[in-house]
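The sequence and structure are shown first.

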Amino acid sequence: MAAEQRSARERAVEQCNALDGLLRERDGLLTVLDRVVALHGTARLIRDTVGTDSGFVADLDGPGRAVIRWLSGTRTHELQNLIVPAGQGIGGRVLALGRPVRVSDYVSSPAITHQFDAQVRGEGLGAMLAVPIISRYGEREQTVAIAYAAMRQAADFGDDAVRRLEGIADKAATALHIAGVAEASREDAVTAERQRMQSALHDSVGALLFSIGVQVRDLHEAIQDNPALDSRLRRLESDVSAASSALRESLLALAESTPERALPVECAEHTRSFEARCGVPARFVQLAQVPPLDAERTALLIAVVREGLLNVEKHARAFSVVVSLGPCDGGVQAVVADDGTGEPGETWPSTGMGVRTLAERAARLGGRVSLVRDEDGGCTLRAWLPDVESQP
């Protein structure tokens with residue numbers, strides 16, 4: 001009996017340890033999937049890694065302006081939500097220069113401006129170090145936030161402290177990028193669900209209201225000699241008309257979507273529809289958030305994905321298909337790639353009217369469309385369009 005109890009206790013300990021590990025993994029995942037959690041965690045990490053009294057992070061909320069939002073180790077609310085314009089204070093100087101700035105005593109330093117001396121004195125801070133959190137994803141590097149480390153007395157921050165804080169800033173930039181992609185994916189899922197709801201309402205409630213309206217009009221013609229029933233039918237007809245108007249407004253609200261949001265959602269929907277229709281495994285991958293496109297460019301890239309999937313369905317005899325979308329060379333690229341072999345005796349890829357038309361439309365917008373056979377026998381349809389901002 002004692003051995004069994006000991007064995008049960010050991011299993012319980014193992015299960016508790018496994019659960020603790022899963023919880024730690026969950027917390028780590030949340031840190032990189034949620035922007036707020038990531039930046040709040042960065043503020044705490046600054047204190048632990050650099051060994052300072054406090055750490056805080058300012059997030060950019062507009063061109064040339066940051067706001068201190070996430071703090072760790074502070075005693076007051078003096079710095080909370082403090083707006084820091086470019087060039088002002090230590091954070092503003094980092095924002096203007098794009099490199100680390102350090103002062104041994106904030107309120108007496110000649111290297112910075114002193115608009116925020118009252119807040120710094122109120123918090124009781126002396127030495128301070130700030131570095132930019134730089135995003136290196138996309139076409140150019142840009143500062144997306146500012147990391148601060150501070151002591152409650154005058155001191156000198158050495159090069160090692162700067163390197164440690166820059167290392168934290170690099171991790172924060174990666175976390176912010178992942179959180180941004182995750183947020184975009186969540187928004188895409190919401191938009192896709194709105195589109196499914198729109199279609200379901202149109203096909204069910206819309207069809208029912210139309211049917212009721214037709215029957216009411218038919219009854220009007222059949223009972224013209226019954227004024228009381230005719231009056232009730234007119235009220236019912238009015239109610240049906242009001243319900244139809246309300247439904248149309250709801251469908252319009254559900255359909256609202258920005259062009260850049262519509263693009264990944266439509267690509268994903270066409271990919272799912274292809275898989276359901278053909279039984280061929282198909283996957284949509286958004287490599288990164290795409291820059292804003294106008295309606296014409298959005299429609300063209302969606303047409304490329306639709307044409308590529310249609311070609312795979314008709315010709316490729318594929319075992320799998322991957323549709324990808326992402327920023328590329330100052331624009332947006334959509335790719336449909338399959339591992340098919342084509343029909344026996346068929347020359348593939350072809351230069352059919354659909355692909356030629358898409359290539360002509362892309363050329364008018366400064367882009368290109370190509371269809372090539374891959375070395376492993378599959379085919380790749382690729383479309384690239386410059387984004388709106390890069391156009392003259």
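## Cavities and their linings

Ten residues is the count given here as 10: the second largest cavity is lined by 10 residues, and Gly 308, Val 312, Asp 338, Leu 371 and Leu 381 lie nearest its centre. The model is a predicted one, in which local features need pLDDT of at least 70, side-chain atom pairs count only at pLDDT 80 or more, and totals for chains, interfaces and linings use all residues. Residues are numbered from 1 along each chain as its sequence is written, and side-chain values use heavy atoms, with hydrogens and water left out.

A cavity is a set of points, on a 1 Å grid over the protein atoms alone, where a 1.4 Å probe fits but cannot get out, and its lining residues have an atom within 4 Å of a point. Grid points are joined across faces, edges and corners, and the volume is the space filled by probe spheres set on the points. The second largest cavity holds about 50 Å³ of space. Helix H8 (295-316), strand E9 (331-338) and strand E11 (379-386) are the elements that give two or more residues to its lining. Helices (H or I, at least four residues) and strands (E, at least two) are DSSP runs, numbered from the N terminus.

In total, the structure holds three cavities of 30 Å³ or more. The largest cavity has a volume of about 100 Å³. Of the 15 residues that line this largest cavity, Ile 68, Ile 90, Tyr 106, Phe 116 and Tyr 148 are the closest to its centre. Strand E3 and helix H3 (89-97) are the elements that give two or more residues to the lining of the largest cavity, and H3 supplies the largest share, four residues.

The table sets out the two linings by residue class. Ala, Val, Leu, Ile, Met, Phe, Trp, Tyr, Cys and Pro count as nonpolar, Asp, Glu, Lys and Arg as charged, and the others, Gly among them, as polar.

| Cavity | Nonpolar | Polar | Charged |
|---|---|---|---|
| Largest cavity | 11 nonpolar residues | four polar residues | no charged residues |
| Second largest cavity | six nonpolar residues | three polar residues | one charged residue |

The secondary structure of the chain comes to nine helices and 11 strands. Six strands form an open sheet in the order E3-E2-E1-E6-E5-E4, with antiparallel pairing. Strand E3 (82-85) and strand E4 (101-103) stand at the edges with a single partner strand each, so one side of each is left without a neighbour in the sheet. On average, neighbouring strands of this sheet are turned by 25° against each other, direction ignored; the axes are lines fitted to C-alpha atoms, for helices over the stretch in contact, and angles run from 0 to 180 degrees between N-to-C directions.

Two strands pair if DSSP finds at least two bridges between them. Strand E1 (residues 54-62) and strand E2 (residues 65-72) pair in the antiparallel sense over seven bridges. Leu 60 stands opposite Ala 66 in E2.

Burial is judged by relative accessible area with a 1.4 Å probe and protein chains only: buried means under 20%, exposed over 50%, and partly exposed in between. In H3, the buried residues are Gly 89, Ile 90, Gly 91, Gly 92, Val 94 and Leu 95. The cover over the buried residues of H3 includes E1, E2, E3, E4, strand E5 (128-135) and strand E6 (142-150). After H3 comes Gly 98, with a positive phi near 75°.

Ser 324 has its place in strand E8 (residues 321-328), and it counts as buried because its relative accessibility is 15%. Contact means heavy atoms within 4.5 Å. Leaving aside neighbours within four places in sequence, Ser 324 is in contact with Val 285, Gln 333, Ala 334 and Val 335.

Gly 331 belongs to strand E9 and, at 2% relative accessibility, counts as buried. Not counting residues up to four places away in sequence, Gly 331 touches Pro 291, Gly 326, Trp 384, Leu 385, Pro 386 and Asp 387. Gly 331 and Leu 293 are 38 residues apart in sequence, and their C-alpha atoms are 9.1 Å apart in space.

Asp 329 lies in the loop between E8 and E9. Its phi is near 50°, a positive value in a residue other than glycine, and at 56% relative accessibility Asp 329 counts as exposed. Asn 81, in the loop between E2 and E3, also is not a glycine and has a positive phi of about 60°. At 46% relative accessibility, Asn 81 counts as partly exposed.

Terms used: On a 1 Å grid over the protein atoms alone, a cavity is a set of points where a 1.4 Å probe fits but cannot get out, and a pocket is an open set with protein on both sides within 12 Å along at least five of seven lines; lining residues have an atom within 4 Å of a point.
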